[in-house]
Amino acid sequence: MKKYLYSVLEGSGTLTTEEIVLHIAAAVLLGLVIYLSYYMTHAGGVYSKKFNVSLLTLTVLTATVMTVIGNNIALSLGMVGALSIVRFRTAIKDSRDTTYIFWTIIVGICCGVGDYLVASVGSGAVFLVLLVLGRVKNDDRILLIIRGSRNMERRIEAIVFDYFNAKAMLRVKNSTRDSIELIFEMTRKAYRISNKKEKSIMELLYELETVEYVNVVTQNDEISG
């Protein structure tokens, strides 16, 4: 009876208990490498503890699935059909997160089939690349939002273009019968250099008197959680 129950738990696969434990243990170790890499390269505002833990568990789950499938074609087709039902609705906060998702899946597949050398070498290479380049970010942009009298539209544009040496780009223009709102975009560097002049852009614009407000907004591509 004991042998029968043991055979049922083992299933019809050819892997021994030791091999299965080794597959899962390798997935956990390499999953921890991915966890550490994500933590070190996403230490800013986009870092998500829950997502990082999910990466580790996804690695182990993928390795588990690959261990179950093995070389069984029928089982692999059934597993694909079952997993195709799942719909993922999690928003990706950073484009690098997609890289980590694929990394966990690939490592899980490699560990599931027992190819530890490929998983280790590949993970080491990706870890080093992300460690060196993972903190690279897009430059912040400055948005200058101005609302004033509509008949001062050209005057406002002339002041802004002259002040920033034509490095400010007009992105949005909203108008009503009496007023107009202009949104200019520039790099942080261009704003910082031009802002060293004797008068600030706000002082020059408010001298027109018909300007209602001037807002300066910093914009980037990251979405905080």
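In this predicted model, 4 strands come together as an open sheet, running in the order β2-β3-β1-β4 with antiparallel pairing. The edges go to β2 (169-175) and β4 (211-219); each has a single partner strand, so one side of each is left without a neighbour in the sheet.

Looking at one pair in more detail, β1 (residues 141-149) and β3 (residues 179-187) run antiparallel to each other and are joined over 9 bridges. To pick out one spot in that pairing, Arg-141 sits opposite Thr-187 of β3. The sheet also has a helix packed on it: α7 (residues 153-163) touches β1, β2, β3 and β4. The direction of α7 makes about 15° with that of β3.

Then there is the surface to consider. Val-28, Leu-29, Leu-32, Tyr-35 and Val-53 make up a nonpolar patch of about 410 Å². Helix α2 (residues 17-41) supplies the largest share of this patch, with 4 residues. Leu-29, one of the patch residues, lies in helix α2. Its relative accessibility comes out at 57%, and since the cut-off for exposed is over 50%, Leu-29 counts as exposed.

How values were computed: Residues numbered from 1 in each chain as written. Predicted model: local features only at pLDDT ≥ 70, side-chain atom pairs only at ≥ 80, totals over all residues. Heavy atoms only, no water. Pairing = 2+ DSSP bridges. Helix = DSSP H or I, 4+ residues; strand = E, 2+ residues; numbered from the N terminus. Contact = heavy atoms within 4.5 Å. Axes fitted to C-alpha atoms, helices over the stretch in contact; angles between N-to-C directions. Patch = residues over 30% accessible without salt bridge, like charges linked within 9 Å, V, L, I, M, F, W, Y side chains within 5 Å. Areas by Shrake-Rupley, 256 points an atom, 1.4 Å probe, with all protein chains shown as cover. Salt bridge = Lys/Arg side-chain N within 4 Å of Asp/Glu carboxyl O. Buried < 20%, exposed > 50% of the residue type's maximum accessible area, 1.4 Å probe, protein only.
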